[in-house]
Amino acid sequence: MACPHFHPAGNDPVSGITQGLCQCDKYNTNPLRPIPPNGETFCQAPGASGVNCWLDLRACRKATIAKRFYAYTTGDPYAGTPPTAVEVDKDRLGRSFVCLQQNGKWVHDGEHDFPMPLVKG
């Protein structure tokens with residue numbers, strides 16, 4: 001079952017985030033962590049929970065997803081347009097490993113860097 005508490009949030013006066021935010025209550029509220037377009041697909045995948053909803057993105061560390069989206073949603077003019085969460089690969093358990101693309105290109109140079117190893121089988 002996907003994270004039951006996952007929901008879009010339109011505006012958060014405390015963080016200043018006004019768009020692009022979805023949160024899973026237990027993990028994603030302190031501080032609020034914006035989730036990129038298409039990220040909901042991965043957070044709502046079977047097995048996502050209130051504990052691992054954001055982590056279920058298996059975010060590529062080189063893409064600094066949370067940092068990029070906080071800047072974008074608070075109107076940082078240097079943040080540009082929002083990149084999109086795109087699946088890089090799946091492991092033998094079927095978990096998605098995700099990074100960010102902008103205009104069809106990865107947002108970082110070099111190899112993807114995930115917070116856990118990709119175990120192929």
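## Sheet, core and buried residues of a predicted model

User: Which side chain does Ser96 make a polar contact with?

Analyst: The side chain of Ser96 makes a polar contact with the side chain of Glu87, at 2.7 Å. A polar contact is a pair of N or O atoms within 3.5 Å; within protein, one must be able to donate a hydrogen and the other to accept it, and residues adjacent in sequence count only if both atoms are side-chain atoms.

User: What sort of model is this, and how is it numbered?

Analyst: This is a predicted model, in which local features need pLDDT of at least 70 and side-chain atom pairs count only at pLDDT 80 or more, while totals for chains, interfaces and linings use all residues. Residues are numbered from 1 along each chain as its sequence is written, and side-chain values use heavy atoms, with hydrogens and water left out.

User: Back to Ser96: where does it lie, and is it buried or exposed?

Analyst: Ser96 lies in strand S4. It is buried, with a relative accessible area of 14%. Buried means under 20% relative accessible area, exposed over 50%, and partly exposed in between (1.4 Å probe, protein chains only).

User: What else is Ser96 in contact with?

Analyst: Leaving aside neighbours within four places in sequence, Ser96 is in contact with Phe42, Asp56, Leu57, Arg58, Glu87, Asp89 and Lys90. Contact means heavy atoms within 4.5 Å.

User: How many helices and strands does the chain have?

Analyst: The chain has 2 helices and 5 strands, and along the sequence they follow the pattern β-β-α-α-β-β-β. Helices (H or I, at least four residues) and strands (E, at least two) are DSSP runs, numbered from the N terminus.

User: Which order do the strands take in the open sheet?

Analyst: The open sheet has 3 strands in the order S3-S4-S5, with antiparallel pairing. Strand S3 (84-90) and strand S5 (105-106) stand at the edges with a single partner strand each, so one side of each has no neighbour in the sheet. Two strands pair if DSSP finds at least two bridges between them.

User: How many bridges join the pairs?

Analyst: S3 and S4 pair over 6 bridges, and 2 bridges join S4 to S5. Val86 has Cys99 in S4 as its bridge partner, and Gln101 has Trp106 in S5.

User: What about the hairpins?

Analyst: The hairpin of S3 and S4 has 5 residues between the strands, and Gly94 there takes a positive phi near 85°. In the hairpin of S4 and S5, 2 residues lie between the strands, and Asn103 in the turn has a positive phi of about 55°.

User: How many residues of S4 are buried?

Analyst: S4 is mostly covered, with 6 of its 7 residues buried.

User: Which residues make up the largest nonpolar core?

Analyst: This core has 10 residues in all: Ala59, Cys60, Ala63, Ile65, Phe69, Phe97, Cys99, Leu100, Val107 and Phe114. Helix H2 (65-73) and strand S4 (96-102) each supply at least two of its residues, and S4 gives the largest share, 3 residues. A nonpolar core is a set of buried Ala, Val, Leu, Ile, Met, Phe, Trp, Tyr and Cys residues joined through side-chain atoms within 4.5 Å.

User: Which other core is there?

Analyst: Another core, of 6 residues, lies apart from the largest one and includes Phe42, Leu57, Ala85 and Val98.

User: Which residues of H2 are buried, and what covers them?

Analyst: The buried residues of H2 are Ile65, Phe69, Ala71 and Thr73, and their cover includes S4. Just after H2, Gly75 takes a positive phi of about 85°.

User: What does His108 touch?

Analyst: Not counting residues up to four places away in sequence, His108 touches Cys60, Lys62, Ala63 and Cys99. His108 lies in the segment after S5 and is buried, with a relative accessible area of 10%. Its side chain makes a polar contact with the side chain of His112, at 3.3 Å.

User: Finally, how much of the whole chain counts as buried?

Analyst: Of the 121 residues of the chain, 38% count as buried.
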